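Student: Could you walk me through one part of this model, the parallel sheet and the helices around it? I would like to see how the pieces sit against one another.

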Amino acid sequence: MFFFMRKRPAFKGGVHPDDRKQATSGLPIEPLPLPARLYLPVQQHIGAAARPVVTAGDTVLKGQMIARGDGAVSAAVHAPTSGRILAVEPHPAPHPSGLPVETIVIEPDGEDRRQEEPDPEHALNLEPEIIAQRVAEAGVVGMGGATFPAAIKLNLGSRHHIDTLIINGSECEPYLTCDDRLMRERTDEVVDGIRIIRHALGARRALVVVEDNKPEALAALQARLYEMDTIEAMAVPTRYPMGSEKHMIKAVTGREIPAGKLGADIGVIVHNVGTAYAVHRAVRMRRPLISRIVTVGGGAVQRPANLEVLLGTRVEDLLAHCGGTRQPPARLLMGGPMMGQVMPHAQVPIIKGSNGIIALTAEEINIGETMPCIRCGRCVAACPCGLMPLEMAARIRKEDMDGAVDYGLMDCVACGSCSYVCPSHIPLVQYFHHAKGVLGARREQQRRQEEIKRLAQQRRERQEAEARAKAEAAERRKAEREAAKRKADEAKAARAAKAAAAKETPKTLAADEAKA
């Protein structure tokens with residue numbers, strides 16, 4: 001089949017910020033040296049935290065499971081290298097709050113001894129259930145930042161008719177180039193992971209979607225996919241937030257995900273290129289997710305780089321490897337500048353969803369005094385979801401969360417396009433995060449109240465059942481006593497009758513003899 005690249009028109013709305021990828025797009029992936037300590041949070045994914053299966057003092061091998069997925073939506077955690085477990089204790093999380101979370105601390109022994117691995121096998125002969133199982137055992141999650149357990153999405157093929165698999169290689173956030181380098185340097189492994197995912201889902205076709213500002217990645221995919229008729233590379237216009245699942249599906253297939261639904265409901269599943277690479281290693285090589293590629297950039301960094309980093313490595317180790325910072329960063333981000341999380345300090349670890357460490361200078365940050373809304377409508381024009389951010393924000397300021405929901409708050413993907421274009425520097429996306437947090441707390445409170453009501457109802461039903469059981473038991477005992485009494489009375493009467501009959505028998509015999 002003749003391979004070609006084609007463009008489709010982008011979705012409505014969105015913005016086109018300066019991508020600032022030039023500093024790292026030409027830099028090959030380099031391994032980061034082994035750090036002195038590794039800090040592995042048991043919560044590196046959406047869903048329930050993993051449950052530690054090691055304790056302080058244990059020795060572990062590279063790839064050994066150290067925390068098991070706990071629940072239907074969870075992901076296992078594995079040792080990135082061999083060494084000794086120093087502690088299982090709280091440690092600052094890679095989150096703006098910096099609050100501590102349960103973390104497994106490993107002291108590497110420097111030997112990097114790996115668990116024994118089976119020989120690679122032909123993964124396309126495996127049943128979809130086996131593929132999903134291996135991906136789950138390897139702890140693979142969405143590598144684009146969402147960190148949803150990948151095995152759950154692989155199992156959707158058994159419940160939905162999936163005709164299209166989309167591989168997200170857009171990497172639309174400024175500064176980030178880790179996916180670009182992955183597609184260019186490890187094309188064969190990425191393509192193999194795509195083939196495995198397509199086989200597991202039973203999808204008819206797979207589309208690798210790359211923004212047109214990555215021509216080298218497109219060329220690398222073109223050379224590899226030339227003779228494949230089930231996988232196609234597709235160039236899309238560079239526009240943020242192309243990487244959003246809803247907008248990518250809309251731009252590529254023309255289909256729109258209804259509110260409250262998933263891509264699987266319209267026959268489409270989206271995975272990141274990094275996820276495809278991790279699936280290749282998990283299924284073909286039986287290797288768990290213990291490292292990832294991270295872009296280190298921003299104007300404050302001395303030497304930007306694309307690094308292959310062991311999970312659990314502290315951010316300060318990455319910055320030190322890159323020569324430190326020219327000046328204290330005005331903002332330290334994990335992820336891109338549009339949707340990334342502001343880090344409180346550099347003593348937090350790299351986790352599965354960490355695709356970038358961006359240290360920004362004050363000149364790179366659009367900081368301005370917040371002014372009143374002038375109702376210019378720029379946020380409405382920029383919103384890729386077709387919402388009205390100014391109306392949602394106005395209601396959130398009045399604590400009218402239900403009113404904000406009526407204007408589509410729950411359909412907001414928090415891409416930050418509205419905040420980016422706002423001339424009044426209103427932190428719109430922060431309002432939306434706050435409102436969703438309030439609504440989430442409200443839902444949790446409602447869930448707890450309903451749970452309390454359910455438990456109280458169960459207690460009442462249990463007490464009523466116990467009272468009924470006691471009453472029934474008392475009735476049974478009463479009936480048994482009365483039956484026993486009747487039986488005793490009948491037996492007594494029978495004995496009395498028998499005694500009377502015995503007493504009359506001699507008189508009867510004497511009378512009979514006298515007559516004779």
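**The parallel sheet and its helices**

Tutor: Helix α8 lies across strands β9 and β12, and runs at about 80 degrees to β12. Please keep in mind that this is a predicted model. The mean pLDDT of the protein chain is 91, with 96% of the residues at 70 or more. Residues 1-7 are another matter: the pLDDT there is below 50, although the stretch has 23 contacts in the model beyond near neighbours in sequence.

Now look at the sheet under that helix. It is an open sheet of four strands, and reading across it you meet β11, then β10, then β9, then β12, with parallel pairing. At the edges are β11, which covers 231-236, and β12, which covers 268-272; each of these pairs on one side only. In general, strands of a sheet pair through backbone hydrogen bonds, either parallel or antiparallel. Neighbouring strands in this sheet are turned against each other by 25 degrees on average, with direction ignored.

Strand β9, residues 164-168, is joined to β12 by five bridges, and the two run parallel. To find your place, look for Leu165, which stands opposite Ile269 in β12.

Next, follow helix α8 itself, residues 273-284, to its partner. It packs with helix α2, residues 128-137, at an angle of about 105 degrees, and the two axes are 9 Å apart. Angles from 65 to 115 degrees count as roughly perpendicular, which means that α2 is roughly perpendicular to α8. On the α2 side, the contact is made by Ile131, Arg134 and Val135, while α8 brings Val279, Ala282 and Val283. Sorted by class, this contact has five nonpolar residues, one charged residue and no polar ones.

Let's move across to the β11 edge of the sheet. Here helix α6 lies across β10 (205-211) and β11, and runs at about 160 degrees to β11.

Helix α6 also has a helix partner. Its residues are 215-225, and its axis comes within 10 Å of the axis of helix α5, residues 187-201; the two cross at roughly 65 degrees. The crossing of α5 and α6 is right-handed. From α5, the residues making the contact are Thr187, Asp188 and Val191, and from α6 they are Ala220, Leu221, Arg224 and Leu225. By class, there are four nonpolar, one polar and two charged residues in this contact.

For contrast, glance at another sheet elsewhere in the chain. This open sheet of four strands has the order β2-β8-β7-β4, and its pairing is antiparallel. Its edge strands are β2 (38-41) and β4 (59-60), each pairing on one side only.

Helix α8 packs with α2, and helix α6 crosses α5.

Key: Residues numbered from 1 in each chain as written. Predicted model: local features only at pLDDT ≥ 70, side-chain atom pairs only at ≥ 80, totals over all residues. Heavy atoms only, no water. pLDDT = per-residue confidence, 0-100. Contact = heavy atoms within 4.5 Å. Axes fitted to C-alpha atoms, helices over the stretch in contact; angles between N-to-C directions. Left-handed = near helix turned anticlockwise from the far one by under 90°. Nonpolar A, V, L, I, M, F, W, Y, C, P; charged D, E, K, R; others polar. Parallel < 35°, antiparallel > 145°, perpendicular 65-115°, else oblique. Pairing = 2+ DSSP bridges.
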